[in-house]
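The following paragraphs lead through a single protein chain, from its overall make-up to individual side chains. Please keep the sequence and the coordinates at hand while reading.

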Amino acid sequence: MPSTSRRTAAALAALALTGTLAAGYSAGDNTSSGASMRPAAAQPSPSGSDCWRSGTSGNDWDDWDSWGPGMGPGMMGRNDCSWGPGMMGGHYWQRGDGTPVTTLDQARQRADAFAGRLDLRVGEVMQFSKNFYAELETPSGKLATEILVDPADGDTGIEYGPAMMWNTDYGMHGGGQTQTRISPDQAQDRAQQWLHDRGSNLTVGEAEAFPGYYTLHTLRNGKITGMLSVDASTGAVWPHTWHGTYIATSER
């Protein structure tokens, strides 16, 4: 694997497997304290070899806004611990051809190629300043998982964060038996309260149900600014801080 692609995969894996979150919850919100800390459960080993600890999931830490810059460096070590081709059968990652992805149509083509590997189809595709995001659906139209497309080279894979950690069908803990205790309305209320508790004036959209969790758009004056997710079992909230600024959406 070229060094650039290896670094890209390593960076994504670091975010996925350690729950790295920037201080604050989404682009455009200036209410964060800027503080960062390392919860004891997530401390990396000095060698950087402890990329992933068995049994760890997003549910282990509920103070998501305390995660800040500095969690990534040193986590990957010499072997990168990336989930690129070969890891778990390669189902989580598909390397691009090195061609930049600059439009929603191009992102949909990359997403389609990845979705076919899982017998899924592409629904909504969104463009942000840092990546393209897409929802994958089952043939019957049920939401299945979320993926990202790297605009630099077309690398495509399961989105880090909730899609990797909480998705009970397509995530790292796929096949796990979790009880849905949170309804869509409750997820929406939980997300809104979470924003309110942090002094944000953003609102949330409808809760979209994925296996094991919900994802909701964050809104300012009715316009999309980003998104966050709510665990359907515990009610934990996880902001998607990795997208950057919202640009546009393609429904299909």
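Of the 252 residues in this chain, 54% count as buried. The model is a predicted one, and its accessible surface amounts to about 11200 Å², with 48% belonging to carbon and sulfur atoms. Four helices and 11 strands make up the secondary structure. Among contacts between residues at least 6 apart in sequence, 61% join residues at least 24 apart.

E3 and E4 pair in the antiparallel sense over six bridges. The two strands form a hairpin with five residues between them, and Gly141 in this turn has a positive phi of about 100 degrees. Within the pairing, Glu137 has Leu143 of E4 as its bridge partner. E4 also pairs with E5, again in the antiparallel sense, over three bridges. Here too the strands form a hairpin, with six residues between them; Gly154 in the turn has a positive phi of about 85 degrees. E4 itself is mostly covered, seven of its seven residues being buried.

Ile147 stands opposite Ile158 in E5. Not counting residues up to four places away in sequence, Ile147 touches residues including Ala111, Phe114, Tyr133, Leu136, Thr156 and Ile158. Both Ile147 and Ile158 belong to the largest nonpolar core, which has 35 residues; together with Val122, Tyr133 and Leu136 they touch the most other members. Helix H2 (104-117), E2, E3, strand E4 (143-149) and helix H3 (162-165) each supply at least two residues of this core. A second, separate core of 14 residues includes Ile182, Tyr214, Leu216 and Leu228. In soluble globular proteins, nonpolar side chains tend to be buried together.

Thr156 lies in strand E5 (residues 156-158). With a relative accessible area of 0%, Thr156 is buried. Its side chain reaches the backbone oxygen of Gly154 at 2.9 Å. Beyond its neighbours within four places in sequence, Thr156 is in contact with Tyr92, Trp93, Gln94, Arg110, Phe114, Ile147, Leu148 and Val149.

Where is the charged pairing in this model? The structure holds one salt bridge. Glu137 forms this salt bridge with Arg121, their closest N and O atoms being 3.2 Å apart. The pair links distant parts of the chain, since Glu137 is in strand E3 (residues 132-137) and Arg121 in strand E2 (residues 121-128), 16 residues apart. Glu137 is buried, with a relative accessible area of 7%, whereas Arg121 is partly exposed at 38%. Side chains of opposite charge can pair when their charged atoms come close.

Strand E2 also holds Met126. Is this residue buried or exposed? Met126 counts as buried because its relative accessibility is 0%, and the cut-off for burial is under 20%. Leaving aside neighbours within four places in sequence, Met126 is in contact with residues including Leu104, Phe132, Tyr133, His217, Ile224, Met227, Tyr246 and Thr249. Met126 and Thr249 are 123 residues apart in sequence, yet their C-alpha atoms are 4.4 Å apart in space.

Note on methods
Residues numbered from 1 in each chain as written. Predicted model: local features only at pLDDT ≥ 70, side-chain atom pairs only at ≥ 80, totals over all residues. Heavy atoms only, no water. Salt bridge = Lys/Arg side-chain N within 4 Å of Asp/Glu carboxyl O. Buried < 20%, exposed > 50% of the residue type's maximum accessible area, 1.4 Å probe, protein only. Polar contact = N/O pair within 3.5 Å; in protein donor to acceptor, adjacent residues only side chain to side chain. Contact = heavy atoms within 4.5 Å. Core = buried A, V, L, I, M, F, W, Y, C linked by side-chain atoms within 4.5 Å. Areas by Shrake-Rupley, 256 points an atom, 1.4 Å probe, with all protein chains shown as cover. Pairing = 2+ DSSP bridges.
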